[in-house]
Amino acid sequence: MAVSRRALLRGGFTVTAMGALGASTAPLAIGEVSAAAVERPRIHTCDEWGARPPNGTITVLDRKPTYIVVHHTAGGNSSDLSLEHAYRISRDIQDFHMDGNGWVDSGQQLTNSRGGHVTEGRHRSVEILDGGTRHVQGANVGNHNSEVIGIENEGLYSTVDVTPELWNSLVQLVAYIASQYGIAPSEIRGHRDFNSTECPGDVLYGRLPELRDAVGGVLGQSVTQPDVWPLLKPGATGPNVLAAQHLLRARGTKVAADGVFGTETFAAVQQFAASHGVSYEACYASRTADESGFIGSTVWPLLVRTVRAGESTEDAQAARILLDSDGARAGGDVLVDTPTWRRLLS
């Protein structure tokens, strides 16, 4: 017997985060809007965690978001997995966003603690998400806030993994959001896919393909992993850095081509970004290190040009470096366009 979305949500069907989340429909064709019914996880509202009232009007857009964006808070990796700790994290983020950034409310729509407790971030986010047709506009991805619904995950995940509790909760929450809005798993992204920032950390970002697969399994959808630009930052070495340095030189920026991302390369990227009108949009969850000289999703598209690898230019030298690293022949007839650059860099 088929179970309707309304009956499923009311009936308290058991849902787990690791692949057994309830989906009531057969697999969907590519591009078809998801009708899979996924039970809503427990989300603790602003009233429950003691949020301050917003200091202005919450903007609700009359359309669905396009992307689900995963963040990390870039704060400490606490061993306190309690609900009260999750509430305290939510209050701290709201205070920072309202008092430090001057925003109307918390920037993110939802927060996920290391204990797996999900809290509402910006007011009205849960109400609007449950409706499934509109979108509370937040402030968590620079220049893209009308397109995204953002989840802050407590902790710093540059070198360590998330807790099992956080991961299970994240899968469950993202599956529910994707079901509500009909968002394909390929549109589950990290903050760095939109801004040149460390967020959500190398480790958590590296698990996004796994997250997409898990959510696709819940929804009964095939999963296509998106092509993304890599992030380069101080301390990085190797062919990608060397290629980036040649591309910077091709754009008229003075930097040594030594394959090491040091202070000179950082300054060169800062100069290049500023001269091309790239605004500095860092991770907003908490106070973080300077990321203004990172090479990421906002910088790569301005650096690359369509080129033939046999040309005698800095661009072609960058292409040859990447082709050689990829094991490909770098003959003069090899055309390297933007999709090829992205593939070679990934």
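Helix α5 passes helix α7 in a right-handed crossing; a crossing has this hand if the near helix is turned clockwise from the far one by less than a right angle, and is left-handed if the turn is anticlockwise. The structure is a predicted model, in which local features need pLDDT of at least 70 and side-chain atom pairs count only at pLDDT 80 or more, while totals for chains, interfaces and linings use all residues. Residues are numbered from 1 along each chain as its sequence is written, and side-chain values use heavy atoms, with hydrogens and water left out.

## Overall composition

The chain holds 12 helices and 10 strands. Of the 346 residues in the chain, 51% are buried, a class for relative accessible area under 20%, whereas exposed means over 50% and partly exposed lies in between (1.4 Å probe, protein chains only). A contact requires heavy atoms within 4.5 Å. Among contacts between residues at least 6 apart in sequence, 71% join residues at least 24 apart.

## Helix packing

Two packed helices are described by the angle between their axes and the distance between the axes. Here the axes are lines fitted to C-alpha atoms, for helices over the stretch in contact, and the angles between N-to-C directions run from 0 to 180 degrees. Angles under 35 degrees are classed as roughly parallel, over 145 as roughly antiparallel, 65 to 115 as roughly perpendicular, and the rest as oblique. For the residue classes, Ala, Val, Leu, Ile, Met, Phe, Trp, Tyr, Cys and Pro are nonpolar, Asp, Glu, Lys and Arg are charged, and the others, Gly among them, are polar.

The pair α5 (residues 164-181) and α7 (residues 208-219) has axes 9 Å apart at an angle of about 55°, and the two helices are therefore oblique to each other. On the α5 side the contact is made by Trp 167, Leu 170, Val 171, Val 174, Ala 175, Ala 178 and Ser 179, and on the α7 side by Glu 210, Leu 211, Ala 214, Val 215, Val 218 and Leu 219. The contact of α5 with α7 comprises 11 nonpolar, one polar and one charged residues.

Helix α11 takes part in two of the described pairings. With α8 (239-250), α11 packs at an angle of about 170° and an axis separation of 7 Å, and α8 and α11 are therefore roughly antiparallel. Pro 239, Asn 240, Leu 242, Ala 243, His 246, Leu 247, Arg 249 and Ala 250 of α8 make this contact with Glu 314, Asp 315, Gln 317, Ala 318, Ile 321, Leu 322 and Ser 325 of α11. The residues of this contact divide into eight nonpolar, four polar and three charged.

The axes of α11 (residues 314-325) and α12 (residues 338-345) come within 9 Å and cross at roughly 45°, so α11 and α12 are oblique to each other. In this case the crossing of α11 past α12 is left-handed. Asp 315, Ala 318, Ala 319, Leu 322 and Leu 323 of α11 meet Trp 341, Leu 344 and Leu 345 of α12. By class, the contact of α11 with α12 has seven nonpolar, no polar and one charged residues.

## Cysteines and local geometry

A search of the whole structure for disulfides, defined as pairs of cysteine sulfur atoms within 2.5 Å, finds zero.

| Residue | Relative accessibility | Class |
|---|---|---|
| Cys 46 | 2% | buried |
| Cys 199 | 0% | buried |
| Ala 74 | 17% | buried |
| Asn 143 | 62% | exposed |
| Gly 182 | 26% | partly exposed |
| Ser 222 | 52% | exposed |

The peptide bond from Cys 199 to Pro 200 is cis, with omega near 10°; Pro 200 lies in the loop between β8 (188-190) and α6 (202-206).

Ala 74, in the loop between β3 (67-72) and α3 (83-100), has a positive phi near 60° although it is not glycine. Asn 143, likewise a residue other than glycine, has a positive phi of about 70° and is located in the loop between β6 (135-136) and β7 (148-153).

Gly 182 belongs to the loop between α5 and β8. The C-alpha atom of Gly 182 is separated by 9.7 Å from that of Thr 133, 49 residues apart along the chain. Ser 222 is placed in the loop between α7 and α8, and its C-alpha atom is separated by 9.7 Å from that of Arg 212, 10 residues apart along the chain.

Key. Helix = DSSP H or I, 4+ residues; strand = E, 2+ residues; numbered from the N terminus.
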